Each structure stands twice: as C-alpha cells, then as structure tokens.
Amino acid sequence: MNAAPGLLRGNSPGLTLARRSLALILLCLLLLPFADLRIIAVDPWGELWRMLHGFVWPDFLGLENPLRAIALTISVALWGTFIGAILGFPLALLFHHSRLVRGFCAFVRAIHELFWALLFIQVFGLSAVTALSALAIPYAGIFAKVYAEILELTPRAPTDALPDGVDRLSRFLYAELPQVWERLASYTRYRFECAMRASVLLGFVGLPTLGFYLESAFREGRFGEAGALLWVFYALIATLQWWGHRRLLPILLIGALFWLGPWPEVDGDLLWRFVSQDLWPAPLLHGDLAGMGSWLAGLPDLLPAIGNTLLLALMGTAGSLVLALLLWPLASRHFGRPWQRVGGRLMLVVLRSTPELMLAFIFLLMLGPSMLPAWLALALHNGAVIAFLVARHADGLKTGMTDLPASGRYAYELLPRLYPNLLALICYRAEVIMRETALLGMLGVATLGFYIDSSFQYLMFDQAFFLLLVTAVLNIGIDALSRRFRPREVPLDDPCSR
Amino acid sequence: MALLNFDNVDLGHGTHVVLPGLTLSFQAGERVALLGQSGAGKSTLLAEIRRRLGNTAAWCPQGHGLVPLLSVYHNVYMGQLERHAALVNLFNLARPRREAWQTIETLTQELGLEGLLRRPVEQLSGGQRQRVAIARAFYQQREIFLGDEPLASVDPHQALRLLERIQARHATSIVALHQHRLALSHFDRIIGLRDGRVVLDAPARELTLARLDALYPDAAAMKGETQGEAKDEDRVASAP
C-alpha cells in the first residue's frame, strides 16, 4: 500500500499552478519587512468616517458646473480611444511581421497615460492636444497588440474557400474582418471604459476633467462634493451601455468636438527644441562622454526607487491574487442568496470602476504617505477586476454535484476549473499593476514615478525622460516575465480581460 | 478527354503522406462520387484536385466556409470576389451591386432561400447554410463542380434535389458524399477510398449497395467508428 503523497507533491498541472502561486505569495511575505507600511495619519478612522459620510450624503448642489467637467471627461475618453484605435489598427496588421513595430508598441504602452500627459504638458500646456495624445499614444500600442492577437485567431475556413486570385484587401474585408469584428468592437468598448477612468485621472495633472474637481474637493476636505462627483462618475460608467450605444457613437463623436479644448498655439521652434534638446542630457548632445558620468551621478538614487517599484508591484500582484480568490464568490450565482449577490456585484463594480489612483488617494488621506495606501489600492482594484471576470466565468459552468456545501463547491467543483484562468488573468494584470505602481509615485510613494513627477516639476526634462525610459524597460521586463509564467493551457478567449 | 491525371504521386500535407502512390485519372464530363470513411483521404484528394484545376472549378468546401456575420448575399458574392477590383468589392459591402444582387437573388430562389438575402448567415439553420454554400459555388459559374460533402447537413429529400441542381449546372462534378443510394443513382463513376488507397473505381451501374457498404469495415467496427465520429462532431460544436 502506498502512503498518501506529501503536501503539494505531484506533477499535475493544478499542483504546479498552486506551487507557483504559493511561491509568489511567500516571496511577497518574505520581502514585506522591506516595505514602508507605517500608518502616519493621526486619526485614520475619523478621516474614513468623514469620507464615508460625504459618500453617503453627497452634496450635489455644491458642485460648480459639473456638466462641463463631465462633457470634457467623456469627450477626451471618446476621442482618445478613437484616435488610439485608428492608429493602432494599421500597427496591428504589421504587428506579427515587424520586430520594430512590436518594440515600438511595447514601449508606448509601457508608459502610463499620466506620464505621457506630464510629457506633453511641457509642450502643449493644459490643452486638448495634451489630453488626447496622453490617451491615444499608449492606447495605440495596446490596440495594436490586442487587435493583432484577435486577428491571429481568425478562423481560416472562409479564406480557404475563396477562389484563387482574390486581392489582399477584399480577402481581408470579406473573409477575415467580419469574423472578428465583434471581438474587436467589444475590446474597443472595454478600452473606452478604461479611457473614462484615465480621462478622470488626467484631472490630477491639472486638465479640467472630473478628476480635477475630485482631487481639489478631497484635498480641501469637501467630502460631500467629492462624494457627489464619485456618484456622478459611477452613474456614467453604469449607464455607459445606453449612452455609449453603437448607434449613438457618431453623434457623440461629433458632439464631443465642441467640448474639447482649449486648443494650444503650437510653437514649432519650441517643440523642436524640446524634442531635440530638452529631453536629452546636455553632455550626450555635445558628445562629451566624461560629462555623462557626472550627469548620471547627478541622478537621484535609482536603486531604492526601482526596488520600491518592483516590491510594490509584487505586493500588488500577490494581494490581487488573494483578494480575487476571496471576492469572486460574492458575485457568482453558485453562492449566496440573490440579494447578497446583488450587493457583492455592486461592490465589485464600484471597486473596479474607481480609478486606482483615486483609491490610493483616498487611502493616502486616511493613512498617510507610505506604501500601505498604494498597496491597498492596487490589490483592491485589480483583485476586484479579476474577481468580476472569474465570477462571470464561473456562472458559465455547471456543477456536477448539486448538494455539496458551499466550501465543497468552492474547493472541489469550481476553483480547480477556474484557477488556471484566474492565474492567467493575474499574469496579464501584473503588467498593468507594474505600470500603476510607478504612477502611484505621483502621490508621494517613493517609486520611480515619484522621481519622474518631481523631475518634471523642477523642469529637468532630460532626467524625467531618462527615468521614463527606465520605467518602460522595467515594464517590458515584467511583461516578459509574467508571460513566461502564465499558464499556457488556457486560451483567454475574452480579450476584455487584458 | 482527360481532365487530369495522377500517375503514382504521393498526396498529403507537408511531410505527412495521406494518399501514397496514387494513380487515378478524371475525364471531362464525368460525374464522380468519392466514398469512404472520414480520414480515408477524400478531402486530401479533393484539395489537390482543386489546386490543379484552379479557377476552372467551382468549390464547395466541407463545413461550408461561410462568414457568419455577413449576409447571405455577401457570402454568395464571395464566389466572384476575384473578378472585381478591391474598391468595387469595398463599395459592395456598403451597397450591393445591382446586377450581382439580381443574379444572386435568382440563384438563391432556385435553392429555396428566397427572402433571406439580407439575413446574416449566423441566423440560418444548418440546412440553409448548406444551401448558401452551394449557391456560392454556383455563383462562381464554372463548368466543373468540386464538393467536399456538400450534402452533409440536409435531409435525404433535399439532398436529392440539390444534387440534381448541381449536376444540371455543371457538366463535370466530383463530389465526396456519404449517401450511397445517391452515389449509385446520380453518378457515372464511383471511387472508394480506404486508409489512403483506392479500393474501388468502377462505373456506378456495375455496382450495388452491398459493394459500397463493404468499403466500410465490418459492422461492429463501423458502429464504433460512427460513435467516434459523433464524438468528434460534439467536440467541434462545443469548441469556441
């Protein structure tokens, strides 16, 4: 008779995944002492109470002219996504043929929308051009990649059935595009929802979208107004399927043009100077290699910043994994009573619709500037995003044994089937989390983003640009790493999970 | 008149040979039925015939090869996609060309698809899709018809009617099918394949149903085989 195998022994795919996930969580726990998790605020619960109060009793009348901010938020999101899609589509067609295009796309999407905004503000000021380029440029890279992945999965049968000698364009229009059109459209819609969040965030750098008013209301402790603005934003996201209907899009796009603004006066000389000189270290431009040494020595100490960035990304990823495991049953039809599910689903929708920087900002006001608020925000937002997708996946499954207790259903029936997909989602998300960690630096957490933000503030564009490049390289590295550990056997057929 | 000859050639995909040492010839004006179990090599043979004949033959593929989101009209129109410039095809997506519309309307009426021209193919039943695929082959307007199980998803009565249409429109036809009675009654010549070899090649009038059934392994094995096939189809149907 054989003894039962030891803990996590065996080489089934499930066990491999379990070992991998536990290793991730263990690594996170081991490194946790290095993270700065102090609570600095004097009265966190009192602050939380006042914020909740403002959220429950929102002060809609205190809002000054919210329609303008709403219209601008939507207009920027709409045109940013649209231009991104227009730029991304041709890139998607070249994506698998050209290493150059793939590299370019990886680079532009590795830098967060807000950093692009910081860069463009220097040239175009607080204008529509800044807002639109900040969204359209990284989105072009994202669209190129995801569109290319979708196009690659086009079924071949209709193409094979065509007569000989059909030109490339006709073949594409008749036999390929219509088959993937739905997927392309639904991904674009999902990206538009992301763009809405990003458009709000642009308020944090001074563009007058909803985020601008949100930030100042929070900062000045006018929580009633902040609550009202948050409600407005949730209402916009919740009703997106109606006002953002396919048939209304042309009208919305044209209408949005009237709200976009102001349009900057572009000074060609200034723009050229910025691109050709300001962004590059002066010694490099003069060919003075010795001078480069002292330039590099003048940089802020990068290793702790990189360490913090990576640590926060790891903590965010591990936290999202744990939270997703805990949260998904809340929104699944396999658990709880209907009214409980409505509550659970609502909570997940709120957590996933709130921009993560916004969440971090709220926690920051509560807990003070350490890595804790950033960690909470990353884990909650991304955990909720994944939990939501997993719950939807679970609802499509049928359980074999109906009378199992809830714990048995969770552990034996559902989780084994959902887990590879969940882990794949986490791996996809790791790249997003990485991008967001750098971003949270703007709130004062000492990641790379913190130094990028302050370099821009001190008008040290060469330094800011260099740090942006470092961020991008880190990000591309994380992307490659997570792709390596992603469970391969699950095809993620839903492009909206990226 | 010989349409094409295979003289001791190996056919297959890449390095994988499905039909080794094939020797076979086809005549113009012949109506040929290809019989045999799935995996016997019918599709490989038809694909090679199609490659050699190029655009002189109309082609009706296995599994239809239709585009679900496009309308019946556009799916049929794809049969002549190579005869128009890219721009013409582009405009045709937005606004159907008048003469193409009329031709296709007549064609689809003949095949019992009247009133469905604007309907996306994804909303059609299996039998209707089958007829759209045949309409597309007709629209190619060729002398020769090549079909890989073009009657697979219609009932026996319809199969008979469709086959008569196919043969009325094409002097030559080479068709893979499973309906033995139709093969005997509507074709001049029957070729039977088994495990990549031609095990039967004779005029239809010299053959009987019993001879055709012998193409398939003995009854017990055949039962297992059809079950296996049913499972295969399930898998295809449930794949995303």
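**Reading helices, sheets and contacts**

Mentor: Let us start with helix H5 of chain B, which lies across strands E4 and E5 of chain B and runs at about 170° to E4(B). The model is predicted, so local features need pLDDT of at least 70 and side-chain atom pairs count only at pLDDT 80 or more, while totals for chains, interfaces and linings use all residues. Residues are numbered from 1 along each chain as its sequence is written, and chains are lettered from A and ligands numbered from 1 in the order in which they are written.

Trainee: How are helices, strands and angles defined here?
Mentor: Helices (H or I, at least four residues) and strands (E, at least two) are DSSP runs, numbered from the N terminus. Axes are lines fitted to C-alpha atoms, for helices over the stretch in contact, and angles run from 0 to 180 degrees between N-to-C directions. In chain B there are 9 helices and 8 strands.

Trainee: In what order do the strands of the open sheet in chain B come?
Mentor: Strands of a sheet pair through backbone hydrogen bonds, either parallel or antiparallel. Two strands count as paired if DSSP finds at least two bridges between them. In chain B, 6 strands form an open sheet with mixed pairing, in the order E4-E5-E6-E3-E7-E8. E4 (57-60) and E8 of chain B stand at the edges with a single partner strand each, so one side of each has no neighbour in the sheet. From one strand to the next, the twist averages 15°. E7(B) and E8(B) pair in the antiparallel sense over 6 bridges; Arg189(B) has Pro203(B) in E8(B) as its bridge partner.

Trainee: Which strands does H1(B) lie across?
Mentor: H1(B) lies across E3 (31-35), E4, E5, E6 (172-176) and E7 of chain B, at about 150° to E5(B).

Trainee: What span should the 12 residues of H1(B) have?
Mentor: The expected span is 1.5 Å times one less than the number of residues. For H1(B), residues 42-53, that gives 16 Å, and the end C-alpha atoms are 16 Å apart, which agrees.

Trainee: Which residues of H1(B) are buried?
Mentor: A residue is buried if 20 or more other C-beta atoms lie within 10 Å of its own, exposed if 12 or fewer, and partly exposed in between, with C-beta atoms placed from the backbone. The buried residues of H1(B) are Lys42(B), Thr44(B), Leu45(B), Leu46(B), Ile49(B), Arg50(B) and Leu53(B). Of the 240 residues of chain B, 38% count as buried.

Trainee: What phi does Gln141(B) take, and where does Gln141(B) lie?
Mentor: Most residues other than glycine have a negative phi. Gln141(B) is not a glycine, yet has a positive phi of about 50°; Gln141(B) lies in the loop between H5 (126-139) and E5 (144-148) of chain B. Gln141(B) counts as partly exposed because it has 14 C-beta neighbours inside 10 Å. Asp195(B), also not a glycine, has a positive phi of about 50°, in the loop between E7 (189-194) and E8 (197-203) of chain B.

Trainee: How many residues does each chain give to the contact between chain A and chain B?
Mentor: Two residues are in contact if their C-beta atoms, placed from the backbone, lie within 7 Å. Chain B gives 22 residues and chain A gives 19 residues. On the side of chain B, the largest share, 4 residues, comes from helix H3 (residues 86-94).
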